[in-house]
Amino acid sequence: MALDDQKLLKRSSRMLVEQDHQGKQLPGCVVDMPLGECASSFTLENAVCNHGFFMMAPNNWIPSTKTLQRPLRLADSTTSLTVSISQSSRQSLSLLVHGTDCLSSCDQQAIKAQVARMLRISQKDEKDVQDFQSLHREARKRGFGRLFRSPTLFEDAVKSLLLCNCTFERTLKMAKALCALQQKLSQGLISLPTSPTPKITKRKRRSKGDKHTEKSTGAGKLEIVRDHDDQFLGNFPNSRELASLNEDILDNHCRLGYRARQILGFARHAERGKFEHIKFEGCHDLASEEKILHGELKRVKGFGPFACANMLMCLGFYGKIPVDSETVRHVKEVWLTASCFVHTAGTMVDEIYKKYAPFQCLAYWFELLDYYEKQFGKLSELPKSAYGVVTGSRIEISGRKCNEE
């Protein structure tokens with residue numbers, strides 16, 4: 001490495017020597033991330049602990065230190081290192097990158113870009129916060145205006161599919177299993193199909209009585225990772241890693257059910273360059289929103305109204321509320337509307353929250369967050385064992401499913 005490069009790295013990051021539980025020294029590198037114009041409205045706790053995505057692997061919120069920890073990818077898009085994100089002052093974040101004592105400027109920029117996306121740290125995001133809070137006085141008092149999301153749009157998309165048609169507890173397990181699978185893929189512990197584009201075959205739907213065996217045999221089969229195997233967790237798999245699999249490997253390992261086929265199809269869709277929503281990041285005109293909602297995303301199997309609206313929210317379009325059974329519960333309990341079903345809730349919430357346009361989704365989530373915290377206490381202080389029960393209710397909801405296959 002050239003001397004000038006070494007000086008640059010020393011100025012932009014600091015080496016930190018950590019110790020594991022046995023006292024062994026471990027390398028670490030601290031990168032400072034200024035908040036810039038977002039500093040006046042930003043607190044890490046509020047920016048993270050407001051949406052179910054922060055509870056989903058590989059995200060790890062540590063209440064005692066108010067630190068968000070998870071793997072992030074370096075500039076090569078392949079190597080992942082665990083990063084601990086904390087707020088060192090009102091003006092900046094501190095990013096502790098574990099497992100290395102030196103980061104190139106490209107790797108630092110890659111990590112900062114992912115952190116900025118997760119926490120919505122940008123000029124446009126700050127404007128959205130200010131504009132929304134000017135419409136919603138209570139949100140301003142509470143410091144609410146940012147909804148947590150993933151470091152990549154692809155991860156947001158897959159997690160949107162995981163939220164559909166199941167309990168949140170099941171969603172958490174599927175996300176965790178996908179991260180465990182990525183760890184094994186990165187270690188070369190899984191025999192991949194020989195075909196470069198494995199064919200997705202039709203499979204019989206399992207009955208409720210059927211169960212996965214603890215260990216499968218044959219090529220492309222592997223042992224299912226149980227929930228307690230935290231040491232095997234890796235990063236969330238990207239489109240390249242998932243596209244290399246077949247449906248048997250994915251479903252046997254992660255127990256995704258019908259979602260395995262949808263997620264594989266979407267990963268291959270992305271790898272063929274047909275996932276163009278990245279073009280709309282930061283572009284917030286109505287024509288773009290219309291194109292996203294009714295364009296190529298809705299043509300991908302699995303993305304019904306709920307998943308599409310959730311993706312719009314992740315992209316920064318807040319006019320479409322993702323409607324599911326939880327929305328129905330909320331309208332019935334908070335707005336005292338008894339005749340509300342999934343297929344009618346969309347029209348109802350459009351009317352209820354229209355005064356907050358174009359930030360209807362933010363107003364809706366503010367109310368959901370308030371409801372959850374009245375029921376369970378501050379989400380930022382909950383133990384991980386309680387994440388699976390953080391939902392409004394488990395009542396039977398009649399009407400259509402949230403995701404139209």
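Student: What is the relative accessible area of C166, and is the residue buried or exposed, or partly exposed?

Tutor: This is a predicted model: local features need pLDDT of at least 70, side-chain atom pairs count only at pLDDT 80 or more, and totals for chains, interfaces and linings use all residues. Residues are numbered from 1 along each chain as its sequence is written, and side-chain values use heavy atoms, leaving out hydrogens and water. Buried means under 20% relative accessible area, exposed over 50%, and partly exposed in between (1.4 Å probe, protein chains only). C166 has 25%, so C166 is partly exposed.

Student: How many disulfides does a search of the whole structure find?

Tutor: A disulfide is a pair of cysteine sulfur atoms within 2.5 Å. The search of the whole structure gives 0.

Student: Which cysteine sulfur is nearest to that of C166?

Tutor: C166 is in no disulfide. The nearest cysteine sulfur is 7.8 Å away and belongs to C164.

Student: Where does R120 lie, and is R120 buried or exposed?

Tutor: Helices (H or I, at least four residues) and strands (E, at least two) are DSSP runs, numbered from the N terminus. R120 sits in the loop between α3 (105–119) and α4 (123–135). Its relative accessible area is 1%, so R120 is buried.

Student: What is the phi of R120?

Tutor: R120 is not a glycine. Still, its phi is positive, at about 55°.

Student: Which residue does a cis peptide bond join to A57, and where is that residue?

Tutor: Omega of this bond is about 5°.
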